Protein chains: 2
Amino acid sequence: MSEQPASEQLHPTATLSRAEMIAALQQILPATAVLHETEDLRAYECDALSAYRRLPWLVVLPETIEQVQAIAMLCRRHGVPLVARGAGTGLSGGALPHEAGILLSLARFNRILAIDADNALARVQPGITNLAISTAARKHGLYYAPDPSSQIACTIGGNVAENSGGIHCLKYGLTVHNLLQIKIVTIDGELLTLGSLGLESPAYDLLALLCGSEGMLGIIVEISVRLLPLPETAQVIMASFDDVTHAGEAVAAIIGAGIIPAGLEIMDHLALCAAEDFANTGYPRDAAAILLCELDGTHEEVKQQMDVLENLLRGGGATALQRSRNEEERLRLWAGRKAAFPAVGRLAPDYYCMDGTIPRHALPRVLAGIAELAEEYGLRVANVFHAGDGNLHPLILYDANQPGELERTEEFGARILELCLAVGGTITGEHGVGVEKIDQMCVQFGKAELAQFHAIKHAFDSEGLLNPGKAVPTLHRCAEFGAMHVHGGRLPFPELERF
Amino acid sequence: MSEQPASEQLHPTATLSRAEMIAALQQILPATAVLHETEDLRAYECDALSAYRRLPWLVVLPETIEQVQAIAMLCRRHGVPLVARGAGTGLSGGALPHEAGILLSLARFNRILAIDADNALARVQPGITNLAISTAARKHGLYYAPDPSSQIACTIGGNVAENSGGIHCLKYGLTVHNLLQIKIVTIDGELLTLGSLGLESPAYDLLALLCGSEGMLGIIVEISVRLLPLPETAQVIMASFDDVTHAGEAVAAIIGAGIIPAGLEIMDHLALCAAEDFANTGYPRDAAAILLCELDGTHEEVKQQMDVLENLLRGGGATALQRSRNEEERLRLWAGRKAAFPAVGRLAPDYYCMDGTIPRHALPRVLAGIAELAEEYGLRVANVFHAGDGNLHPLILYDANQPGELERTEEFGARILELCLAVGGTITGEHGVGVEKIDQMCVQFGKAELAQFHAIKHAFDSEGLLNPGKAVPTLHRCAEFGAMHVHGGRLPFPELERF
């Protein structure tokens with residue numbers, strides 16, 4: 001790599017020096033909206049995947065759509081990469097800056113434009129937090145359903161870019177299912193309105209295409225989401241199990257019985273003990289796993305379904321059951337789950353959070369596989385999952401100061417993702433590909449699919465200036481990685497065939 | 001237009017004569033799978049939008065993916081248009097043949113490949129009917145939720161191509177929300193697998209992009225859908241109203257109360273009387289409108305919510321209420337609704353079915369607007385709607401044998417769609433754009449969005465050979481149409497400003 005300070009590097013296609021670009025940006029934006037001093041850039045060098053850090057070339061903080069359009073056109077004209085960023089809570093490095101590109105923070109797009117209670121929708125700017133929408137909607141008896149654990153900090157713009165999920169997504173869907181319309185600015189500076197305020201929009205579904213596209217196709221500058229009526233009540237039940245696979249089987253039984261819980265989470269022994277140490281929520285330290293299941297709806301509906309659920313859990317081998325008796329208890333039972341990541345973070349100097357998704361029924365097989373791999377790599381894993389939708393978050397514990405341990409951890413993580421693929425799952429549930437899982441894309445997809453992804457990228461951004469190097473690997477990169485594509489659900493890894 | 005018989009026309013880019021193409025196809029397919037005699041082609045000249053008819057150049061009936069790939073490559077190499085067709089039940093002319101192109105029927109892709117009850121999914125070929133999936137899943141206690149009225153005849157492949165809805169889509173989503181994975185053949189003959197059997201797939205959501213793309217991006221050759229557990233019970237309530245707008249207001253009250261019905265339909269006086277004449281289902285002829293609302297779930301849940309619902313409907317001005325007391329009564333109450341289109345068809349020599357979608361709250365405004373337009377055009381309209389999701393199906397009654405009446409009807413229909421747009425809705429809910437609504441696309445979308453649609457098309461089909469002339473108008477066509485784009489929700493039609 002170059003010895004020159006990161007901030008003075010030029011992108012191969014750039015036709016302006018850094019100083020010239022600063023001057024050009026200052027024509028478009030107020031001086032305080034263009035950051036170029038190293039100490040100002042430092043705050044933007046990573047997102048929540050902090051193992052990857054890179055100082056951006058420059059940072060801009062526009063506050064109008066017109067400014068975003070002008071910045072995009074400037075980048076397009078002068079061949080300079082452009083990376084959009086929300087709150088930087090992303091876990092896959094999707095907002096990692098480009099060392100010779102402009103980082104565009106949407107922090108100043110922080111207004112709720114309208115809460116339309118009659119039509120149960122909210123029109124907002126991308127830089128507000130996820131939680132702010134529900135807070136504003138609350139007085140109308142409404143809320144915004146998708147609830148990533150980071151909802152207090154993450155922005156709705158980032159949620160759309162990553163198609164975020166959360167505890168409630170089993171019942172209420174991912175971001176894409178709660179999205180009505182967005183406005184985006186293309187790298188050519190065009191302002192496009194995608195989707196509609198009705199249920200559906202004709203022609204190609206560019207709204208869904210943009211959702212989860214990780215900043216590669218356009219910059220989201222306005223968002224309309226649908227709101228739901230606040231449920232009359234919600235209750236959670238905690239079931240203890242002496243074997244994590246029994247917890248997994250209980251999930252299948254619940255879904256099979258036609259119950260769609262508002263939340264359905266499993267934590268294994270290591271994770272629940274860590275959470276208990278951290279948050280003191282009353283989790284049973286002697287359990288091999290706990291299952292948390294929330295029901296919401298009317299009082300009668302919840303009561304009746306809770307009785308059915310309790311019978312199912314008992315029949316499925318639960319060794320203890322505890323229902324929340326009031327809102328305070330309900331929130332306390334969730335507090336441990338919501339704090340699981342920081343709690344596990346205290347067990348080791350570092351941890352690595354995975355995000356595979358599998359068909360629910362494969363849960364026991366995959367859990368056994370993870371345990372075998374943990375032994376093979378000599379690393380501990382705490383398992384936390386959105387069990388209802390088969391979204392696993394194995395947290396691999398390691399110590400980056402031990403030589404080779406980070407590399408071993410990354411290899412272990414990659415093996416977990418490949419195991420998810422081998423059972424028909426995917427390499428990411430809700431955290432995105434970013435820089436972290438880009439090699440696993442070569443495993444999940446074949447050459448024809450990757451070529452089609454590049455064609456789509458080209459249709460929006462022919463010069464490849466938006467968030468370069470993220471989400472979709474080049475065919476060349478995959479060739480180097482070995483391009484091990486899953487055909488017919490079978491991986492060409494002999495060691496995975498036994499799963 | 002040419003005087004030569006339609007079947008001998010050559011597409012401008014074609015490098016093979018019709019006879020040469022027949023010979024080339026016979027190399028790929030058995031002789032019985034290549035139709036070229038006029039009497040054989042006649043059966044394919046239109047879909048359910050039978051006002052538009054065109055004899056295809058040739059028809060092919062492949063039965064393997066490899067054959068579809070070979071046909072696509074042949075078309076690509078020789079510049080010949082290719083149009084895919086399911087059962088031909090589409091209402092917007094999406095499967096209208098190309099006079100110098102090959103019509104590819106998927107009728108022989110008629111197998112259910114797997115019902116995976118453990119993971120609650122079905123893997124099927126595109127040519128089976130929508131209903132066949134639920135029939136096959138039934139013995140496992142499962143079903144496929146989206147249920148277009150034509151479900152007994154329409155194919156799942158056509159459902160994916162049009163992103164079909166149905167009575168149940170308010171609660172269970174459109175086709176796209178119940179789709180896990182598809183395999184498509186591109187015009188280059190590539191076989192792509194899009195989506196995953198898990199909840200989500202990384203990178204660009206090409207599955208959602210293909211869903212509803214009306215055969216413009218690829219040919220769907222395999223489909224995996226998610227199945228749901230059959231509800232324990234279902235019950236329908238019929239409410240009569242002396243004013244259709246009261247029925248519309250009741251819809252808002254139901255949704256506002258947090259009830260998500262499995263079906264929520266309104267029929268106005270003309271529609272309900274026609275249905276009653278046709279199907280003898282016990283609809284009240286003296287009502288200005290009826291609302292049919294179905295709840296499903298456990299017995300207790302349905303009973304409890306039905307009580308809430310009954311109170312809401314009484315409070316909302318319902319003049320009579322009737323609950324189904326058993327499955328037979330439930331099916332009878334729906335029979336009239338399901339037969340509404342053929343029933344209305346008996347009121348006049350011809351009818352024209354519209355498919356606008358509007359934000360629910362705009363229902364009273366739009367109904368009043370349709371009534372005013374009906375007077376202006378001197379034509380009768382029967383209104384049937386998926387009220388819960390704001391999807392309107394006004395049926396305009398006319399007589400094609402009266403000079404000028406078809407043209408007046410089409411203009412009236414276009415005005416209705418523009419009215420839907422003016423209140424923030426869209427020009428199609430579930431029937432697609434096809435050839436029918438292509439000019440209204442110029443009203444719904446601006447130049448930048450249309451250009452982006454063309455870029456997407458180009459990324460899949462650079463020569464424009466797949467289903468040419470459908471779904472997305474050329475910019476030139478829009479310029480001719482007047483390119484009247486809705487900006488900020490306001491239409492530049494003075495006569496619409498009053499709505």
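Helix α1 (residues 18-28) of chain B lies across β1, β2 and β4 (102-105) of chain B. The helix runs at about 10° to β2(B). Angles here run from 0 to 180 degrees between N-to-C directions, and axes are lines fitted to C-alpha atoms, for helices over the stretch in contact. Helices (H or I, at least four residues) and strands (E, at least two) are DSSP runs, numbered from the N terminus. This is a predicted model, in which local features need pLDDT of at least 70, side-chain atom pairs count only at pLDDT 80 or more, and totals for chains, interfaces and linings use all residues. Residues are numbered from 1 along each chain as its sequence is written, chains are lettered from A and ligands numbered from 1 in the order in which they are written, and side-chain values use heavy atoms, with hydrogens and water left out.

The sheet under that helix comes next. In chain B, 4 strands form an open sheet in the order β1-β2-β4-β3, with mixed pairing. Its edge strands are β1 (34-35) and β3 (82-85) of chain B, each pairing on one side only. Two strands pair if DSSP finds at least two bridges between them. β1(B) meets β2 (residues 58-60) of chain B in the antiparallel sense, over 2 bridges. There B:L35 stands opposite B:V59 in β2(B).

Turn to chain A. An open sheet of 4 strands has the order β1-β2-β4-β3 (chain A), and the pairing is mixed. β1 (34-35) and β3 (82-85) of chain A each have a single partner strand, so one side of each is left without a neighbour in the sheet. Further in, β2 (residues 58-60) and β4 (residues 102-105) of chain A pair in the parallel sense over 3 bridges. A:L58 stands opposite A:I102 in β4(A). Helix α1 (residues 18-28) of chain A packs on this sheet and touches β1, β2 and β4 of chain A. Its direction makes about 10° with that of β2(A). Contact means heavy atoms within 4.5 Å.

Further along chain A is strand β8 (residues 179-185). Of its 7 residues, 6 are buried. Buried means under 20% relative accessible area, exposed over 50%, and partly exposed in between (1.4 Å probe, protein chains only). β8(A) has an antiparallel link of 6 bridges to strand β10 (residues 219-226) of chain A. In that pairing, A:K183 has A:E222 as its bridge partner. Another 5 bridges join β8(A) to strand β9 (residues 191-195) of chain A, again antiparallel. A:V185 stands opposite A:L191 in β9(A). β8(A) and β9(A) form a hairpin with 5 residues between them. In the turn, A:G189 has a positive phi of about 85°.

Strand β17 (residues 381-386) of chain A has 6 of 6 residues buried, so it is largely enclosed by the rest of the structure. Both faces are covered. A:V381, A:N383 and A:F385 are buried on one side, and A:A382, A:V384 and A:H386 on the other. Follow A:V384 to the pairings of this strand. Strand β13 (residues 263-268) of chain A pairs with β17(A) in the antiparallel sense over 3 bridges, and A:M267 stands opposite A:V384. Strand β18 (residues 391-398) of chain A pairs with β17(A) in the antiparallel sense over 6 bridges, and A:V384 stands opposite A:H393. The β17(A)-β18(A) hairpin has 4 residues between the strands, and A:G390 takes a positive phi near 70°.

Now the helices. In chain A, α8 (residues 244-256) and α10 (residues 299-315) pack at an angle of about 145°, with their axes 10 Å apart. α8(A) contributes A:A250, A:A253 and A:I254 to the contact, and α10(A) contributes A:L309, A:L312 and A:L313. By class, the contact has 6 nonpolar, no polar and no charged residues. Ala, Val, Leu, Ile, Met, Phe, Trp, Tyr, Cys and Pro count as nonpolar, Asp, Glu, Lys and Arg as charged, and the others, Gly among them, as polar.

In chain B, the axes of α8 (residues 244-256) and α10 (residues 299-315) come within 10 Å and cross at roughly 145°. Here B:A250, B:A253 and B:I254 meet B:L309, B:L312 and B:L313.

Last, the core. The largest nonpolar core has 196 residues, and A:L291 and B:L291 touch the most other members. Such a core is a set of buried Ala, Val, Leu, Ile, Met, Phe, Trp, Tyr and Cys residues joined through side-chain atoms within 4.5 Å. Leaving aside neighbours within four places in sequence, B:L291 has contacts including B:A250, B:I254 and B:L313.
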